[in-house]
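Open the model in your viewer and keep the sequence panel beside it. The stops below say what to select and what is there.

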Amino acid sequence: MDSSSTRRRATRAKLYEAAVTLIAEQGFSATTVDEIAERAGVAKGTVYYNFKSKTELFEELLRHGVGLLTTSLQEAADEASGRGGTAVEALDGMIRAGLVFIDRYPAFTQLYVAELWRTNRAWQSTLLVVRQEAVAVVEAVLREGVGSGELSEEIDIPLTAAALVGMVLVAALDWQAFQRERSLEDVHGALSLLLHGRVSGRRD
């Protein structure tokens, strides 16, 4: 990769970080391009050199952030598969990877979850596409588990995958906002119990 491409990627990363922090703090409409440029430490013209508008910047921010999450989930699944792990072990690894991502990018996660519930945004179609990319990684592991006989054929794969991703997102945001005394391993352990179906008190 040449130096100009490296510089552009670094500049975009600074703009993403500045935008997500400001928008999480004060909302999309209240955040100006001037503020994003100032927070990123670049000239206003640099924003427009990289993005045609604030809306395009935000749309690309969603692609970038969810892309990082999707990569984290896929790497966790691949790691489990590479060592001959089960589908449940792969899902457990993905839960931990999701928590690590959210711990690293709390402002983005808060913004992403908030935007999932909005229906009047210009980037709604983009959001649905990138959301499905993340959920599809979980779906693939569930499908493999069903195919191998490890998981029940009665599983509704799309809904179960969405539920697992949603569980991690909501639990992690609650952890970030209200239970910061807990460690990441503590939160992962609690969610792992749910995944393994060990919350009823029964012992088979």
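How many salt bridges does the count come to by this rule? The rule asks for a side-chain nitrogen of Lys or Arg within 4 Å of a carboxyl oxygen of Asp or Glu. The count comes to nine salt bridges.

Two notes before you start. This is a predicted model, in which local features need pLDDT of at least 70 and side-chain atom pairs count only at pLDDT 80 or more, while totals for chains, interfaces and linings use all residues. Residues are numbered from 1 along each chain as its sequence is written, and side-chain values use heavy atoms, with hydrogens and water left out.

**Whole chain.** Show the cartoon. You will find nine helices and zero strands. Helices (H or I, at least four residues) and strands (E, at least two) are DSSP runs, numbered from the N terminus. Along the principal axes, the C-alpha atoms fill a box of roughly 65 × 40 × 30 Å.

**Two domains.** Colour 1-51 as domain 1 and 54-196 as domain 2. These bounds come from an automatic or database domain assignment. The C-alpha centres of the two domains lie 26 Å apart. Each domain puts 14 residues into the contact, meaning heavy atoms within 4.5 Å.

**The interface.** Show the surface between the domains. About 1300 Å² is buried there, and carbon and sulfur atoms give 78% of that area. Buried area is the accessible area (1.4 Å probe) that two parts lose on being put together, summed over both. Salt bridges across this interface: zero. Polar contacts: two residue pairs, both at pLDDT 80 or more. A polar contact is a pair of N or O atoms within 3.5 Å; within protein, one must be able to donate a hydrogen and the other to accept it, and residues adjacent in sequence count only if both atoms are side-chain atoms.

Now select α1 (3-26), α2 (33-40) and α3 (44-50). Each supplies at least two residues of the side of domain 1 that touches domain 2. The largest share, six residues, comes from α1. That side of domain 1 divides into eleven nonpolar, three polar and no charged residues. Here Ala, Val, Leu, Ile, Met, Phe, Trp, Tyr, Cys and Pro count as nonpolar, Asp, Glu, Lys and Arg as charged, and the others, Gly among them, as polar.

**A salt bridge.** Select K44 and D34. Their side chains meet in a salt bridge at 3.4 Å, N to O. K44 sits in helix α3 and D34 in helix α2, ten residues apart.
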